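Trainee: I have a model open and would like to learn how to read its features one at a time. Could we go through it together?

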Amino acid sequence: MAEIGMNNRINFMQRKITAVDLITIVIFAVLYRVLWYFFKFAGVVFPFNHTFVYLFCAFCLVLCWVVVRRPYASVYFTAAWCAINFFLQGELPLYWILVVAAPLLPELYLQKRSKSFSNPDEVYSSTKDLIVAALLYNIVYEAFVWWSIIYPYQIPVPFNLMAIVFGISLIGMIIGTVIAKPLGLKLKNLLG
């Protein structure tokens, strides 16, 4: 029985990302960047518009995981949207730390959870596991953003405001994941 589990783990880890996977990942990163404009627009109406970034991020990230179903897809997704940000709005080079930091915990979590399924790909169909992975990703992402706002950009932000936005964004992350999972499954079935 342990041998079957080991073979599943090896098969899960050895699957390589193809060119089609990379193109799909970049499409979701571009979608995230396009949704970014809605986040900017919401600033006119809703003072906590920053929370929409995490809803959109969870939405696009979960679509990426459900459709691509490859280990480390979130690393490529993060690298793609960070590159878009870097070239379109001139992010600080320090922002590239996020490429390494944000996807690390969720990828480790998904790999660990995939061992509990007979088919390791089923981890990408588990709502609970996708919510946990998206929360891990976005918590690291949001912590990095708040750190960069306060220290490199030196914008004073009261802790109360950060706590309110963080709480609202957690809800947004869950909503984005719950919306994206069935949509991703339909898209995956459509693409084959």
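Trainee: Does Y72 count as buried, partly exposed or exposed, and why?

Mentor: Buried means under 20% relative accessible area, exposed means over 50%, and partly exposed is in between, using a 1.4 Å probe and protein chains only. Y72 has 35% relative accessibility, so Y72 counts as partly exposed. Before we go on, this is a predicted model, in which local features need pLDDT of at least 70, side-chain atom pairs count only at pLDDT 80 or more, and totals for chains, interfaces and linings use all residues. Residues are numbered from 1 along each chain as its sequence is written, and side-chain values use heavy atoms, with hydrogens and water left out.

Trainee: Where is Y72 found?

Mentor: Helices here are DSSP runs (H or I, at least four residues), numbered from the N terminus. Y72 is in the loop between helix 3 and helix 4, and R69 lies in that loop too. R69 is buried, because its relative accessible area is 9%.

Trainee: What should I look for in the backbone of R69?

Mentor: Most residues other than glycine have a negative phi. R69 is not a glycine, yet its phi is positive, about 55°. Y72 also has a positive phi, near 70°.

Trainee: How do helix 3 and helix 6 pack?

Mentor: Axes are lines fitted to C-alpha atoms, for helices over the stretch in contact, and angles run from 0 to 180 degrees between N-to-C directions. Helix 3 (residues 50-68) and helix 6 (residues 127-150) meet at about 135°, with their axes 10 Å apart. Angles under 35 degrees count as roughly parallel, over 145 as roughly antiparallel, 65 to 115 as roughly perpendicular and the rest as oblique. Helix 3 and helix 6 are therefore oblique to each other.

Trainee: Which residues of helix 3 and helix 6 make the contact?

Mentor: Contact means heavy atoms within 4.5 Å. Helix 3 contributes H50, V53, Y54, C57, A58, L61, V62, W65 and V66, while helix 6 contributes L130, A133, A134, Y137, N138, Y141, E142 and V145. By type, the residues of this contact are 14 nonpolar, two polar and one charged. Here Ala, Val, Leu, Ile, Met, Phe, Trp, Tyr, Cys and Pro count as nonpolar, Asp, Glu, Lys and Arg as charged, and the others, Gly among them, as polar.

Trainee: Is E142 buried or exposed?

Mentor: E142 counts as buried because its relative accessibility is 0%. Leaving out residues up to four places away in sequence, E142 touches Y54, V165, F166, S169 and M173.

Trainee: How many residues does the largest nonpolar core have?

Mentor: Nonpolar side chains tend to be buried together in soluble globular proteins. A nonpolar core is a set of buried Ala, Val, Leu, Ile, Met, Phe, Trp, Tyr and Cys residues joined through side-chain atoms within 4.5 Å. The largest one has 52 residues, and Y32, W65, F77, W81 and Y141 have the most contacts inside it. Helix 3 gives the most to this core, with 15 residues. Not counting residues up to four places away in sequence, W81 touches A29, Y32, W36, Y95, L98, Y137 and Y141.

Trainee: And what about A180: which residues is A180 in contact with?

Mentor: A180 is found in helix 7 (residues 159-191). Setting aside neighbours within four places in sequence, A180 is in contact with F59, V62 and L63. A180 counts as buried because its relative accessibility is 0%.

Technical notes. Helix = DSSP H or I, 4+ residues; strand = E, 2+ residues; numbered from the N terminus.
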